[in-house]
Amino acid sequence: MSEMKEKIHTGELYLPGDKEIMREQVAYQDRLCDYNMTKPSETEKRMEMLKEMLGDCGEGVYIEAPFYANFGGHNCHFGNMVYANYHLTCVDDTHIYVGDYTMFGPNVIIATAGHPILPQLREQTYQYNMPVTIGRNCWIGAGAIILPGVTIGDNTVIGAGSVVTKDIPANVVAVGNPCIVMREINEHDKEYYYKERRIQIGN
């Protein structure tokens with residue numbers, strides 16, 4: 001293993017253009033390209049491919065195509081029944097962990113990679129990676145951006161278009177740029193699903 005490849009998951013500065021890294025990355029991206037060429041009717045084929053492509057893939061995981069990932073999803077670890085709408089982008093240069101029953105709206109970006117503030121280091125193409133963890137039963141709204149190193153707690157809702165720059169606790173609704181906690185999930189939410197629309201489902 002090359003010296004640079006050893007640093008991918010440590011948070012240290014490294015050069016992503018390292019030949020060994022690039023060779024592995026391109027192979028994963030080729031497979032992701034195959035996934036994105038599948039037809040919507042090929043549900044079973046997609047599910048089998050995800051089990052092969054993702055670092056971990058629970059039961060019932062479904063990602064609408066197109067799906068984009070720097071390492072083809074190899075560093076994504078998804079629990080059971082995770083659903084992602086169109087154009088999920090996982091900058092999975094290091095690990096992304098997603099809990100059971102979490103849902104992503106369209107055009108969500110999860111980024112683990114960052115670049116130094118110092119211009120001279122960027123000129124040399126240095127990069128670092130920090131893992132992202134998203135809890136169980138979260139809802140990540142359309143167009144949300146989750147930045148490197150962030151943890152989002154269980155059951156939390158991230159509003160559409162939010163930019164999540166810091167950790168967000170469990171059981172809250174958080175929105176904005178930067179994303180901040182708006183309120184806790186409360187008794188009102190047990191009775192109403194949208195504004196004043198009362199929950200009325202099965203017996």
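## Stop 1: two prolines

Select Pro-66, which is in the loop between strand 2 (62-63) and strand 3. Helices and strands here are DSSP runs numbered from the N terminus, with helices (H or I) needing at least four residues and strands (E) at least two. Before we go on, a word on what you are looking at: this is a predicted model, where local features need pLDDT of at least 70 and side-chain atom pairs count only at pLDDT 80 or more, while totals for chains, interfaces and linings use all residues. Residues are numbered from 1 along each chain as its sequence is written, and side-chain values use heavy atoms, with hydrogens and water left out.

The peptide bond from Ala-65 to Pro-66 is cis, with omega near 5°. Now jump to Pro-178, in the loop between strand 18 and strand 19. Its bond with Asn-177 is a cis peptide bond too, and omega there is about 0°.

## Stop 2: a pair of rings

How many aromatic pairs does the structure hold? There is 1 aromatic pair. Select Tyr-28 and Phe-71 to see it: the pair is tilted, with 6.5 Å centre to centre and 50° between the planes. For the cut-offs, rings of Phe, Tyr and Trp (its six-membered ring) pair if their centres lie within 6.5 Å; planes under 30 degrees apart count as stacked, over 60 as edge-to-face and the rest as tilted.

Tyr-28 lies in helix 1 (residues 19-36) and Phe-71 in the loop between strand 3 (68-69) and strand 4 (76-78), so the pair ties together parts that are 43 residues apart in sequence. Is Phe-71 buried or exposed? Phe-71 is buried, with a relative accessible area of 3%, while Tyr-28 counts as partly exposed at 23% relative accessibility. (Buried means under 20% relative accessible area, exposed over 50%, and partly exposed in between, using a 1.4 Å probe and protein chains only.)

Another ring to visit is that of Tyr-35. The charged end of Arg-46 sits over this ring, 6.0 Å from its centre. To count, NZ of Lys or CZ of Arg must be within 6 Å of the ring centre and within 35 degrees of the ring normal.

## Stop 3: the nonpolar core

Select Phe-78, Phe-104, Ile-110, Ile-134, Ile-140 and Ile-152. These residues have the most contacts inside the largest nonpolar core, which has 36 residues. Such a core is a set of buried Ala, Val, Leu, Ile, Met, Phe, Trp, Tyr and Cys residues joined through side-chain atoms within 4.5 Å. Which element gives the most to this core? Helix 2 does, with 3 residues.

## Stop 4: the largest pocket

Next, select Trp-139, Val-157, Val-173, Asp-189 and Tyr-193. Of the 21 residues lining the largest pocket, these lie nearest its centre. On a 1 Å grid over the protein atoms alone, a pocket is an open set of points where a 1.4 Å probe fits, with protein on both sides within 12 Å along at least five of seven lines; lining residues have an atom within 4 Å of a point.

The elements that give two or more residues to the lining are strand 18 (172-175), strand 19 (180-184), helix 4 (187-191) and strand 20 (192-194). Strand 20 gives the most, with 3 residues.

## Stop 5: two positive phi angles

Click on Asn-137, in the loop between strand 12 and strand 13 (139-140). Its phi is near 60°, a positive value in a residue other than glycine. Asn-137 counts as partly exposed, at 37% relative accessibility.

Then find Lys-195, in the loop between strand 20 and strand 21 (197-198). Lys-195 is not a glycine either, yet has a positive phi of about 50°. With 60% relative accessibility, Lys-195 counts as exposed.

## Last stop: some distances

Finish with Tyr-192, in strand 20, which counts as buried at 15% relative accessibility.
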